Amino acid sequence: MYPRIRPVLDDIPVYTPGKALSGLVKLSSNENPFPPLPGVLERATAAATNLHRYPDLAATELTAELARHLSVPAETLAVGTGSVGVLQQIVQSVAQLGDEVVYPWRSFEAYPIVTRIAGATQVEVPLTPAAALDLPAMADAVTERTKLVLVCSPNNPTGPAVRRAEFSDFLGRIPEDVLVVLDEAYVEFVRDPEVVNGLDLFAAHANLCLLRTFSKAYGLAGLRVGYAIAHPPVAAALRKCAVPFGVSTIAQLAAIESLRCEDAMRARVSAVVGERTRVRSGLIEQGWQVPETEANFVWLPLAGRTGDFAAACQRSGLLVRPYAPDGCRVTIGGPAENDLFLRVAAEWRSSEVAA
């Protein structure tokens with residue numbers, strides 16, 4: 001007989017990473033196509049000489065650097081193992097058995113996982129026909145049992161972002177004792193001036209928490225470092241729920257060095273955004289219905305053909321991320337990788353029209 005495991009784990013979905021197969025172009029995970037920023041690898045390598053020492057539990061230097069970079073007090077910051085790790089800290093801080101967590105769907109696949117691990121109830125609110133968040137419907141879904149609302153902007157995996165005015169109206173409808181998390185993992189890729197930046201509204205809303213990461217724009221996906229910006233009582237709770245020493249010394253120092261390479265990061269992000277525009281325009285010219293995207297990926301709504309399209313891409317040497325039965329997310333890579341994707345998409349489209 002084996003030890004008894006919590007029954008709630010029996011039907012919790014397992015987080016599914018994008019495929020990685022040797023020899024194939026990987027556009028299945030939202031990774032930065034560029035290597036670490038200048039000086040980052042050198043500082044990380046130097047830090048490896050101290051692997052026999054524990055990391056700084058409080059991430060003191062990184063927290064101070066973030067506070068300067070973002071112009072926020074250090075006590076509003078909580079660092080964790082990627083934005084997913086910080087997300088789990090958030091859910092553990094506010095939700096338990098009998099509580100509800102409201103979030104859009106389809107959205108970031110970790111939302112239902114961390115909700116159910118905490119024992120809370122999922123309240124999934126469908127996206128609009130344009131694959132965007134339906135904030136009025138999300139506000140309508142809030143009840144007296146709601147403890148947390150998750151807002152993903154830009155939305156992963158579909159791409160649309162939340163506008164400032166609609167988010168401000170949304171906050172006005174949420175009770176002050178309900179925590180609202182604005183998940184801004186892709187905020188650096190946003191170009192629409194009307195899209196909300198959480199820092200603009202943070203000071204005025206004590207129940208607002210911002211979630212960000214070094215994995216995307218800063219290219220540190222392999223080191224797992226993210227952070228939340230929350231008002232001091234919430235930030236303190238998040239720090240209590242963090243895995244002790246979870247963020248390695250290498251990750252902390254690489255993140256610090258990355259923050260000091262802002263100009264280089266912005267240039268790389270601009271290159272990705274330029275390719276994003278080219279790829280989306282090319283797909284639309286081919287006849288695809290592609291939602292607006294402010295992230296580093298595009299979304300192809302494929303319904304029942306999702307698996308077939310992903311398989312066709314793989315046969316052509318390309319890995320994309322299927323989300324059956326809704327569609328495929330394709331990360332923006334380098335120009336040659338994007339050319340391959342556009343060619344495969346065009347061939348698929350032509351075969352579908354011919355059929």
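## Ground rules

Two strands pair here if DSSP finds at least two bridges between them. Strands (E, at least two residues) and helices (H or I, at least four) are DSSP runs, numbered from the N terminus. This is a predicted model, in which local features need pLDDT of at least 70 and side-chain atom pairs count only at pLDDT 80 or more, while totals for chains, interfaces and linings use all residues. Residues are numbered from 1 along each chain as its sequence is written, and side-chain values use heavy atoms, with hydrogens and water left out.

Let's start with β11 and strand β12 (residues 327–331): they run antiparallel and are joined by three bridges. Look for Pro 322, whose bridge partner in β12 is Cys 328.

Those two strands belong to an open sheet of three, ordered β9-β12-β11 with antiparallel pairing. β9 (297–301) and β11 (321–323) are the edges; each has a single partner strand, so one side of each has no neighbour in the sheet. From one strand to the next, the twist averages 20°. Helix α11 (residues 306–315) packs on this sheet and touches β9, β11 and β12 (contact means heavy atoms within 4.5 Å). The direction of α11 makes about 35° with that of β12; axes are lines fitted to C-alpha atoms, for helices over the stretch in contact, and angles run from 0 to 180 degrees between N-to-C directions.

## Rings that meet

Now for the aromatics. Rings of Phe, Tyr and Trp (its six-membered ring) pair if their centres lie within 6.5 Å; planes under 30 degrees apart count as stacked, over 60 as edge-to-face and the rest as tilted. By this rule there are 11 aromatic pairs. Take Trp 299 and Tyr 323: their ring centres are 6.0 Å apart and the planes sit at 55°, so this pair is tilted. Trp 299 lies in β9 and Tyr 323 in β11, so the pair ties together parts 24 residues apart in sequence. Trp 299 is buried at 4% relative accessible area, and Tyr 323 is buried too, at 6%. (Buried means under 20% relative accessible area, exposed over 50%, partly exposed in between, with a 1.4 Å probe and protein chains only.)

Phe 309 and Trp 348 have ring centres 5.5 Å apart and planes at 80°, so they meet edge-to-face. This pair links distant parts of the chain, with Phe 309 in α11 and Trp 348 in helix α12 (residues 335–354), 39 residues apart. Phe 309 is buried at 0% relative accessibility, and Trp 348 is buried at 11%. Elsewhere, Tyr 103, Trp 105, Phe 108 and Tyr 111 form one aromatic cluster.

## Arginines over rings

A charge sits over a ring if NZ of Lys or CZ of Arg is within 6 Å of the ring centre and within 35 degrees of the ring normal. The charged end of Arg 329 does this with Phe 297, 5.9 Å from the ring centre. Arg 349 lies over the face of Trp 288, at 5.7 Å from the ring centre.

## The seven-strand sheet

There is also an open sheet of seven strands, with mixed pairing and the order β2-β8-β7-β6-β5-β3-β4. Its edge strands, β2 (77–80) and β4 (121–126), each pair on one side only. β2 pairs with strand β8 (residues 226–229) in the antiparallel sense over four bridges, and Leu 77 stands opposite Ile 229 in β8.

Helix α6 (residues 164–173) lies across β5, β6 and β7, running at about 160° to β6.
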